[in-house]
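Subject: Structure handover: aromatic contacts

Hello,

Here is the structure for you to look over. Please open it alongside this note.

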Amino acid sequence: MRIPSYQTLSTLLLASVSLVVVTEQQGSLPSGPFMSMHLNVVEETNGIQTLFQFTSIDPAVKSFKTSGDKANRFQVFPNGWLILNGTLDREQQAFILLKVEGLKENAEKLIGPIIISIKVVDVNDHRPEFGEEKEGIVRQHSRPGRPFMYVNATDLDDPLTPNAKLEYSIFRQLPMHNGVWFFQIDSETGEISTTDEGTKQLNPEDEQKYELLIKVKDSAPPFLDGTTAVSIIVKENLWQDPKRVNIVEHSPGPHPRTIVKVQWNNPGAIYELRPKERSNFKLPFAVDSYGNISVTKPLDREERDEYVFLAYALDNQRNALEEPLNIHVTVEDINDNAPVCEPATFEVQENEKLGSSIGNVIATDRDDPTSENSLLKYQIVKQWPTKPQDSLFSIDQYVGNIGRNQGNLQKHEASHYNLTILVSDNGINPEELSTECIVQIIVIDINDQIPVFVKTEYGTIKLPENTPLDKVLIKIQATDKDEPSTGSSEILYKIISGDNRGSFKITTDVRTNEGSVMLAKPLDFETQQSYNLIIIAENPEQLVDGKKYNSTATLNFMVEDVHEPPYFLNSSYQLSIHENSKVGTSLLKVEALDPEGSKLSYSITSDPLSWVKINAQSGEIFINKEMDRETESKYDIKVTATEQGGSFMSSTVDVAIFLLDINDNDPRVSDGFNKLFTCFPVMKEEKMIFKAADFDSQYGFPFTFSIDGSNNDWKLEKINGSHAYIVTKHKRYEQKVYEVPVKIFDNDEPPRSGDALIQINVCKCSTAKTCFVPIEDIGHASIGLALGLLLGSLVLIGSILAVVFIRLNRKKKGELTAKPKKENTREENVPLKQVQ
């Protein structure tokens, strides 16, 4: 619309003032070309607001026309200022589409129209309000946290901003008992539920009605709020576990038959039964829409004596309205199972005492073990055969134990008996049930016959003293007239005289009762030349009273002498001695004996390094050459004792000599660590690691290291007891090989030292951080040099093969040369410390 000139001046004056204020507050007025745009304007702002300034307007434009705002609150001045002269309310109009056109002097349109989309930005100017007061119902023992009602408040401010984000809280509960809150509210949804204490303590008999005062507030300054009151009625919870149900098994129909009812607190619930434990078992129960639970078929207690399942109340979406109820059904027993017994066979000896127990009849009844339906009684109704008389056996009425009753048992008259046992229960519903069991009793022959030898004299047997232990020397035989293949007829042979050393043993063939006599220990002619054995035959089964074993046999052995080699008094010898012991020192004396008393001579038959010698008559061993522990720490030799003037039989014994270390070697730089390198030019502190070694195992590790303090190029830095760094002191090194003197000390007191010269090559390095050797330095080798290298390699290979051949020949002949000294490698297991 066009503005009259007097109004234009007045408005322009106010806009100028507004422009100054906006410029001071914002620093600069938003401006830009004349084109469609989007602007945000805060609601409830009083006075004139300058919103935007259009720039680069055609000079022919003399005025602007605006449309789209019914209240005509927007104007554009000829100089391009867009102003708001009025107040906006977001709750009345949240968006305004303003159309602007530029007009000529004659009011004709020159430019435009453009569309300015104005969003009215909300301010928190509305207080949240509740609807009418509500009343809710809560059931006793309702699940805590499950909503039973809700409250709702509205806020007219922008729902997408904190101005309309609401938060609910309960600020008072009436009545309040001991400061305990029975109710809680969801701060976002307004849903009201019981607390844990509310679930436990709410009881309509104690208090039927509660009042809650609830506050709601928004989430933006100035945080406007509102309140309301809610009445809550407490009612009895109908959803409760029913009492245990008892059903008699095999109950007659009709089925299904109602046994118990469950009820949800409100109408419309869907009822459902589920097993308490996951299984494929199908419940013989059903529930209808009224909560009536029925049994669908007769139950069998022997199949299942108890059922525990769950009853659910569901909503229309089949979600549980509350925790399920536990339904317990006990199946009561009737006497519908007869006793069942297992076939049994017992053994009894001929002379079994009257009243002694023979065995128990095992019978079972599937009825309830706590009722009389499974109380069993036993009775013998028949014995076969009845000779020598009837009622030879009795049975305990309630235990089922069979015992000897009267008369004598004779195996030759009856080898076994069959008893018919009547087993009955004590049931009265509907009647007593019984069954018959057959028990077989086998009569066992008693051991009333003793074994008797077929021969009592076996003569004299000659045995060489070197007879092997597993050889059968002779077989003996006794017989027994008791029942075969029993403990009464099995025969055991026992030497009762003539073998004080336990040199013999006798085994029995269980099938034939034949005895095999063998050696249990080696014979020795020089110790005992003859044996006169008395052997008795017995049974493993005890003889009856009045019977004794009295059948014996005599067996004589003569031991024949066999020439034997000498033997050493010890199976092996060992000793320890320091490696620096003097030549001629006595080490030890070995001693051997000859069973026939022949004189012996001693010799060393294995002495690889010829370190020892022996006195041939006495067996005393002496040091023959200087010993070196670093060559052999354990020196093994063999000594042989040989008979003189006869068969020259001999025996050999091992002697182990352990050499004790002395500190006789200087510590040194370990092989492979005496030539080190670092890259040229040296740009930073460099560390080169080296390792110390010592041939002395006891006095080497841990080492200490030192370097001349006046050395201006290098210093030492210890890592651990075996390794150290040589460290650069500056960066001004030439490209050459440096020789660094280092002193190494072992752990002896006082320590032994060794001087080492470590070469450090300061060299140009390749990309692999190794010393670089230019190709031209090695590329002009002559053909003669190449042939020389080839011939030298062939000579070296031939030498190696010759040495290997010689060593193999010496090994075959038993002539071993001295081994090279071995370094003490104990320190190699010491891990390097981390260098910071």
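Below is what turned up around the aromatic rings.

First, a caution: the model is predicted. The count comes to 21 aromatic pairs. Take F393 and Y417 from among them. Their ring centres are 5.6 Å apart and their planes stand at 65°, which is over 60, so this pair is edge-to-face.

Where do F393 and Y417 lie? F393 belongs to strand β30 (residues 393-395), and Y417 to strand β32 (residues 416-425). The pair therefore ties together parts that are 24 residues apart in sequence.

Both positions were checked for burial. F393 has a relative accessible area of 5%, so F393 is buried. For Y417 the value is 0%, so Y417 is buried.

Next, F504 and F557. This aromatic pair is stacked, with 4.8 Å from centre to centre and 15° between the planes. Distant parts of the chain are linked here. F504 sits in strand β38 (residues 504-508). Buried or exposed, F504 and F557? Both are buried.

There is also a cluster to look at. One aromatic cluster is formed by F34, F52, F54 and F64.

Finally, charges over rings. K134 lies over the face of Y150, 3.9 Å from the ring centre. R304 has its charged end over the ring of F281, at 4.6 Å from the centre of that ring.

Best wishes

Notes. Residues are numbered from 1 along each chain as its sequence is written. This is a predicted model: local features need pLDDT of at least 70, side-chain atom pairs count only at pLDDT 80 or more; totals for chains, interfaces and linings use all residues. Side-chain values use heavy atoms; hydrogens and water are left out. Rings of Phe, Tyr and Trp (its six-membered ring) pair if their centres lie within 6.5 Å; planes under 30 degrees apart count as stacked, over 60 as edge-to-face and the rest as tilted. Helices (H or I, at least four residues) and strands (E, at least two) are DSSP runs, numbered from the N terminus. Buried means under 20% relative accessible area, exposed over 50%, partly exposed in between (1.4 Å probe, protein chains only). A charge sits over a ring if NZ of Lys or CZ of Arg is within 6 Å of the ring centre and within 35 degrees of the ring normal.
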